[in-house]
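The following exercises concern the model displayed below. Each task is followed by a worked solution.

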Amino acid sequence: MKYSKATNYALHTMLFLAAATPDKPVGVQQLAERQKVSPTYLSKILTKLVKAGMIESVSGANGGYSLRRGWEEISFLDIIHAIEGTTSLFECNLNHGSECLIQQVVLEAEGRMEDHLRSQTISSLAKNLQAKS
């Protein structure tokens with residue numbers, strides 16, 4: 001499976017916010033520099049995370065983005081869905097209908113992958129990262 005660069009940036013941004021300063025806003029410029037990406041591009045990704053209720057935007061001189069309450073429960077799958085949407089990655093383009101054996105196999109695989117991504121939280125990854133520091 002390959003996901004977009006936007007999802008990659010979103011996952012790394014969420015990990016950075018969780019590991020570094022979950023309660024303190026971090027500016028988009030600092031977040032963008034950390035990942036060597038355009039602040040304008042990252043802002044579009046951050047807007048999706050705000051709309052999904054994962055982070056909040058704080059205005060002002062000391063403003064930026066910070067994690068929302070309950071962030072400890074945010075899973076990899078939540079972040080992926082916030083950026084990519086929830087449409088299935090696997091669809092048979094032929095008109096076989098739901099009895100398509102190929103589609104049944106790949107949908108089962110997708111379900112297993114989603115279960116694994118749902119079980120992985122950003123907070124557990126942040127704790128592992130902090131333990132290594």
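**Exercise 1.** What is the accessible surface of the chain, and what share of it belongs to carbon and sulfur atoms?

*Solution.* This is a predicted model, in which local features need pLDDT of at least 70 and side-chain atom pairs count only at pLDDT 80 or more, while totals for chains, interfaces and linings use all residues. Residues are numbered from 1 along each chain as its sequence is written, and side-chain values use heavy atoms, without hydrogens and water. By the Shrake-Rupley method with a 1.4 Å probe, the accessible surface is about 8600 Å². Carbon and sulfur atoms account for 51% of this surface.

**Exercise 2.** State which secondary-structure elements the chain contains and their order.

*Solution.* Elements are DSSP runs: helices (H or I, at least four residues) and strands (E, at least two). The chain holds 6 helices and 2 strands. Along the sequence they follow the pattern α-α-α-β-β-α-α-α.

**Exercise 3.** Describe the largest nonpolar core.

*Solution.* Such a core is a set of buried (under 20% relative accessible area, 1.4 Å probe, protein chains only) Ala, Val, Leu, Ile, Met, Phe, Trp, Tyr and Cys residues joined through side-chain atoms within 4.5 Å. The largest one has 33 residues, and Met14, Leu49 and Ile79 are among those with the most contacts inside it. Helix H1 (5-20), helix H3 (39-51) and strand S2 (64-67) are among the elements that each supply at least two residues. The largest share, 10 residues, comes from H1.

**Exercise 4.** Which residues does Leu49 touch, not counting residues up to four places away in sequence?

*Solution.* With contact taken as heavy atoms within 4.5 Å, Leu49 touches Ala10, Met14, Met54, Ile55, Ile79, Ala82 and Ile83.

Definitions and conventions. Buried < 20%, exposed > 50% of the residue type's maximum accessible area, 1.4 Å probe, protein only.
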